[in-house]
Amino acid sequence: MDIKNYKKRIIDNQIEKYLQLFGAIIIEGPKYCGKTWTGRYHAKSESLLYKKTGDSSNEVELAKISPELILEGEKPKLIDEWQEATNLWDEIRYDVDKTGLKGQYILTGSSTPKRSGISHSGAGRFGKLQLRTMSLYESGDSSGVISLKDICDGKKISKRTGEVNLKKIASLIIRGGWPGNLSYSSDDSRKIVSEYLDIIINDDLYRLDGVNRDKHKVKLLLKSLARNESTTVSNATIRKDIKEIDNDDIDLDTIASYLNALDKLFLLDNDEPFAINIRSSVRVKQSEKRHFADPSIACAILNLTEEKLINDLETFGFMFEAMVERDLKIYASSFNAKCYHYQDYLNREIDFVIELEDGSWCAFEIKLGVNAIDKAAENLINISNSIKEEKGKNPKILCVICAMSNLAYIRPDGVYVIPITALKN
């Protein structure tokens, strides 16, 4: 299909590879992140499964009554929001088995479907990919003169990357990586994201599983998550936060249930704890680091403007960390690396960890200003040395990702310093 003005995504190469390996692929991610356009870019025909209230002749009903008609068309065929008619899963699996051909279907979904009615897992027939919102490199806001893969491979780096404006960084965080918002100001983008959240609260959460959730409590939970963006707070701490700041109460079971629903809508993108390959004697905490799918979500919930961020550098730092970690996940996925965070019971923390396919790992600290680079580098070196002394597997690469530096370089102590606005995959 001819898609004009399509902005290439880093995931495009993975999609092409998966179409060679699997009969069907699934592209999952939050609404509005570009799944439909990305699917169209790789497809030759399409069926868009949108529910239309009161319309019994729409594609969703057709998919349920005569699924073979939905599967007709030139391949690869895009079936957008396939979870609206989950019976298609087995039909596609059967068709893939019958023909033995690869790259027949591209399914996109903005929520995790209910498994009822699906008789087969699809193992070996379906490949699954996660599409996030756009990284700075994809949106054209990073020059891409430095490759994350090169850093993880230990290549020498020394390059001037240009001046960076703090207000511009704030604007990029608030605007977010939503493809449809790239041309808007941060204020307009914040309004759009706020409306986006209202639709999720008022419509999508119910459509997910037919459960009526308390909208007020959902909003309280979202506000607490926004206040705790880029932290490892527990559900109990979230409950306490809501009590203290919003003067309201939500029981722990409700918090867990609502978080699970938000996760099924791909609104959350938490970082898992890293421990397996360190093998240090020190116990590692098993808390996830809290993230929304895009930092703009937290900014919209808290009504943060550029000025508010600049006047509250602590909050600015957490939101900057969220944006950087979104980008690092996108870049790392292109070379099949896994992403985590590190926190142990000696109160040692590493903001971000990338584990490579060979089992080696790289440690990243994320800092807004250049004045924090020395301390961040010292922290990385101390943790690396401690892990080595404890006969653990210390990191292959130490790196500080920052906002305000105009240079990408390796310090005399071996720590990389890289501006986020110069990075690509």
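Visitor: How many helices and strands does the secondary structure of the protein chain come to?

Guide: In this predicted model, the secondary structure comprises 16 helices and 15 strands.

Visitor: Why may the protein chain be called as compact as a globular protein of its length?

Guide: One compares the radius of gyration with what the globule rule gives. Here the radius of gyration is 22 Å, close to the 22 Å given by the rule for 425 residues, so the chain is as compact as a globular protein of that length. Along the principal axes, its C-alpha atoms fill a box of roughly 65 × 50 × 45 Å.

Visitor: What percentage of the residues is buried?

Guide: A residue counts as buried when its relative accessible area is under 20%. In the protein chain, buried residues account for 55% of the 425. The chain exposes about 19,100 Å², of which carbon and sulfur atoms supply 46%.

Visitor: Which residues touch the most other members of the largest nonpolar core?

Guide: That core has 75 residues, and those touching the most other members are Leu 148, Phe 320, Ile 418 and Leu 423. Helix H15, residues 313-333, gives the most to this core, with nine residues. A second, separate core holds 19 residues, including Ala 376 and Val 417.

Visitor: With which residues is Leu 148 in contact, leaving aside its neighbours within four places in sequence?

Guide: Its contacts include Leu 328, Tyr 331, Phe 335, Ile 354, Phe 364 and Leu 423. Across the protein chain, among contacts between residues at least 6 apart in sequence, 72% join residues at least 24 apart.

Visitor: How many positive and negative side chains are there?

Guide: There are 61 positive and 64 negative side chains, and the centres of the two sets lie 3 Å apart.

How values were computed
Residues numbered from 1 in each chain as written. Predicted model: local features only at pLDDT ≥ 70, side-chain atom pairs only at ≥ 80, totals over all residues. Heavy atoms only, no water. Helix = DSSP H or I, 4+ residues; strand = E, 2+ residues; numbered from the N terminus. Rg over C-alpha atoms; globule rule 2.2 N^0.38 Å. Buried < 20%, exposed > 50% of the residue type's maximum accessible area, 1.4 Å probe, protein only. Contact = heavy atoms within 4.5 Å. Areas by Shrake-Rupley, 256 points an atom, 1.4 Å probe, with all protein chains shown as cover. Lys, Arg positive; Asp, Glu negative; His and termini not counted. Charge placed at Lys NZ, Arg CZ, Asp CG, Glu CD. Core = buried A, V, L, I, M, F, W, Y, C linked by side-chain atoms within 4.5 Å.
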